[in-house]
Amino acid sequence: MASLLAHLMNAVFRLMPITDDTQKERAQNASRRPPRAPKGVSVERETLGGVPCEIVKKADNKGVVFYIHGGGFTTGSARERRALTFYLCDETGYDVIACDYRLAPEYKLPTAFEDCFAAYAAASAKYGALVIAGESAGGISAVMTAQRAIAQGIYVPAVLAFSPAAGIGMQLPSHKNNVKTDHMIKRDPSSKQLLDKICPPEYTDEFLVSPQISPIYGSFEGFPPLFLACSDTEVFYDDAKLLYEKARAAGVKCVLRIEKGVPHAFVVMPWLKEAKRTFAAAQKFLQTNVADRQI
């Protein structure tokens with residue numbers, strides 16, 4: 001059962017109206033003041049692979065996570081994820097590189113995926129092997145980035161995908177069955193209205209099932225240890241299960257953590273006890289399954 005605070009967050013999201021005005025939503029998000037950095041944690045800006053990034057770091061940390069924010073490929077930023085990146089840096093001991101990939105509808109897919117890979121490849125070359133993590137659209141981007149990195153011979157220690165989509169435009173039962181319980185997304189993520197925002201004009205079915213667009217159709221051979229987490233009430237519930245099954249079938253070390261009744265992408269709210277225990281489980285997963293501790 002979800003915590004009282006998780007129920008409260010669901011109530012807040014339930015009251016928030018759906019908006020299709022991307023510019024208005026971005027302006028509202030940008031107007032919110034980010035949290036203050038914890039003592040000893042600093043934030044710097046750096047361009048990696050031509051992509052602007054935030055570097056969140058602390059002097060005594062021993063690992064680095066490359067983080068990809070969500071937002072349906074149309075909103076979100078590294079700045080807007082500071083509650084999460086500050087928590088990772090201050091509480092779990094990982095510095096964080098968070099990228100600001102280009103967003104739709106100005107830049108259609110696969111631009112976001114290309115930016116994430118370019119930034120990761122440059123960060124990996126500069127800072128060494130980096131765990132890839134992300135939530136929602138960032139979760140699918142994390143899996144996609146890892147697949148592309150592996151194909152190009154870049155070592156990826158592990159992937160953490162929170163509330164990820166498995167593919168773009170997929171028709172899965174939870175996309176419709178959980179609309180009434182997913183108070184953050186509130187609608188079918190595979191609807192044509194949403195796809196038209198993020199996909200090129202006159203996109204085809206072949207485009208949607210391309211491994212360069214939907215990682216579920218890509219290869220999981222040689223994929224690194226994969227930690228998945230989702231809510232049983234979110235629309236991407238079946239996506240997380242499908243990725244888990246595909247990875248396990250390929251022999252990947254993989255776990256799927258399912259929290260009850262929490263909002264979609266609940267890890268962006270690290271004050272929730274469900275988010276804290278998910279991060280603790282992810283950290284234990286890394287300690288158990290990543291041979292190279294210098295991540």
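A pocket, in the sense used here, is an open set of grid points with protein on both sides within 12 Å along at least five of seven lines, and its lining residues are those with an atom within 4 Å of a point. In this predicted model, the second largest pocket is lined by 14 residues, and M144, Q147, R148, P211 and Q212 are the ones that lie nearest its centre.

- The volume of the second largest pocket comes to about 260 Å³.
- Both α4, which spans 111-127, and α5, which spans 137-151, supply at least two residues each to the lining of this pocket, and the largest share, five residues, comes from α5.
- By residue class, the lining of the second largest pocket is made up of seven nonpolar, four polar and three charged residues.

**The packing of α4 against α5**

- The axes of α4 and α5 come within 9 Å and cross at roughly 60°, and the two helices are therefore oblique to each other.
- The crossing in which α4 passes α5 is right-handed.
- On the α4 side, the residues that take part in the contact are F113, E114, C116, F117 and Y120, and they meet I140, S141, M144, T145, R148 and A149 of α5.
- Taken together, the residues of this contact divide into seven nonpolar, two polar and two charged.
- M144 and R148 of α5 belong to the contact with α4, and M144 and R148 are also among the residues that lie nearest the centre of the second largest pocket.

- How many cavities of 30 Å³ or more does a search of the whole structure find? The search finds one, and about 90 Å³ of space lies in this largest cavity.
- The elements that give two or more residues to the lining of the largest cavity are β6, at 159-162, and α10, at 273-289.
- The residues that line the largest cavity are V65, L88, T92, Y94, A133, L160, F162, F279, A282, Q283 and L286.
- Of the contributing elements, α10 gives the most to this lining, with four residues.
- Nine residues of the cavity lining are nonpolar and two are polar, while no charged residue is included.

- In the loop between β5, at 131-135, and α5 lies S136, whose phi is near 60°, a positive value in a residue other than glycine.

**The surroundings of G261**

- G261 lies in the loop between β8, at 254-259, and α10, and α10 is also the helix that gives the most to the lining of the largest cavity.
- Although G261 and T233 are 28 residues apart along the chain, their C-alpha atoms are separated by 5.5 Å.
- When residues up to four places away in sequence are not counted, G261 touches A2, N10, S231, D232 and T233.

Definitions and conventions: Residues numbered from 1 in each chain as written. Predicted model: local features only at pLDDT ≥ 70, side-chain atom pairs only at ≥ 80, totals over all residues. Heavy atoms only, no water. 1 Å grid on protein atoms, 1.4 Å probe; cavity = no way out; pocket = protein on both sides within 12 Å on 5 of 7 lines; lining within 4 Å. Points joined across faces, edges and corners; volume = space filled by probe spheres on them. Nonpolar A, V, L, I, M, F, W, Y, C, P; charged D, E, K, R; others polar. Axes fitted to C-alpha atoms, helices over the stretch in contact; angles between N-to-C directions. Parallel < 35°, antiparallel > 145°, perpendicular 65-115°, else oblique. Left-handed = near helix turned anticlockwise from the far one by under 90°. Contact = heavy atoms within 4.5 Å.
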